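The following paragraphs lead through one structure, from the overall fold to single residues. Please keep the sequence and the model in view while reading.

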Amino acid sequence: MSYTPGMDPTIAAEVAQMTEFMAEAGCGEPGLDPDIFFPDPQEDTREAIQSKTLQAKTICWTMCPVRETCLQYALAMRFDHGIFGGLTPAERKKRYDADPR
Ligand code: SF4
């Protein structure tokens with residue numbers, strides 16, 4: 001979730017606080033293709049999905065100082081797409097299934 005014009009100010013403040021970590025995100029480095037964090041099974045070949053996933057995970061796990069915060073955010077928001085916190089949607093789903101809240 002991100003700020004949307006017209007959003008309730010209280011919710012907007014909560015979203016801003018929850019996403020503060022993104023200012024330090026490894027995936028925000030200039031020149032990085034954000035598309036690698038969103039392999040698309042409908043559009044990408046199996047090889048492209050594997051390549052994008054490996055590239056994204058490498059950045060998350062080796063370059064990102066906020067990986068754990070990002071992962072907790074993605075788990076809280078129940079994102080079912082994209083690489084967040086170094087995990088794929090399927091890997092995050094295992095976490096939900098193991099610890100449903
Ligand atoms: S953990 Fe990965 S997806 Fe999350 S902010 Fe860091 S680089 Fe971006």
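Two residues are in contact if their C-beta atoms, placed from the backbone, lie within 7 Å. By that criterion, residues 24 or more positions apart account for 41% of the contacts in the chain with a separation of 6 or more. The model is a predicted one.

The chain holds 4 helices and 0 strands, and along the sequence these follow the pattern α-α-α-α. Its C-alpha atoms fill a box of roughly 45 × 35 × 25 Å along the principal axes. Of the 101 residues, 15% count as buried.

Confidence comes next. The average pLDDT of the chain is 90, and 93% of the residues score at least 70. Helix α1 (residues 9-18) has the lowest confidence, with a mean of 80, while α2 has the highest, at 97. Where pLDDT is low, the predicted coordinates should not be read in detail.

The largest nonpolar core consists of 10 residues: A56, I59, C60, C64, V66, C70, A74, I83, F84 and L87. The elements that give two or more residues to this core are α2 and α3. Its largest share, 3 residues, comes from α2. One member of the core, I83, touches F37, T53, A56, K57, C60 and T88, leaving aside residues up to four places away in sequence.

Helix α3 can be read by its two faces. Its buried residues are R67, C70 and A74. These three cover an arc of only 65° around the axis, so they lie on the same side of α3. What covers them includes α2 and α4. On the face turned away from this buried side, α3 carries the exposed residues E68 and A76. After the helix comes R78, which has a positive phi, near 55°.

The ligand is the next stop. There are 14 residues around the ligand, and A25, C27, C60, C64 and C70 come nearest. The elements that give two or more residues to this shell are α2 (46-63) and α3 (67-77). By class, the shell has 10 nonpolar, 3 polar and 1 charged residues. C60, C64 and C70 are among the residues nearest the ligand, and these three are also listed in the largest nonpolar core.

Two loop positions complete the tour. P34 lies in the loop between α1 and α2. Why does P34 count as exposed? A residue is exposed if 12 or fewer other C-beta atoms lie within 10 Å of its own, and P34 is exposed because 10 other C-beta atoms lie within that distance.

H81 touches F38 and P89, not counting residues up to four places away in sequence. From C-alpha to C-alpha, H81 and R92 are 9.8 Å apart in space, and they are 11 residues apart in sequence.

Note on methods:
Residues are numbered from 1 along each chain as its sequence is written. This is a predicted model: local features need pLDDT of at least 70, side-chain atom pairs count only at pLDDT 80 or more; totals for chains, interfaces and linings use all residues. A residue is near a molecule or strand if its C-beta atom, placed from the backbone, lies within 6 Å of it. Ala, Val, Leu, Ile, Met, Phe, Trp, Tyr, Cys and Pro count as nonpolar, Asp, Glu, Lys and Arg as charged, and the others, Gly among them, as polar. A nonpolar core is a set of buried Ala, Val, Leu, Ile, Met, Phe, Trp, Tyr and Cys residues joined through C-beta atoms within 7 Å. A residue is buried if 20 or more other C-beta atoms lie within 10 Å of its own, exposed if 12 or fewer, and partly exposed in between; C-beta atoms are placed from the backbone. The arc is that of the directions from the helix axis to the C-beta atoms. pLDDT is the predictor's confidence in each residue, from 0 to 100.
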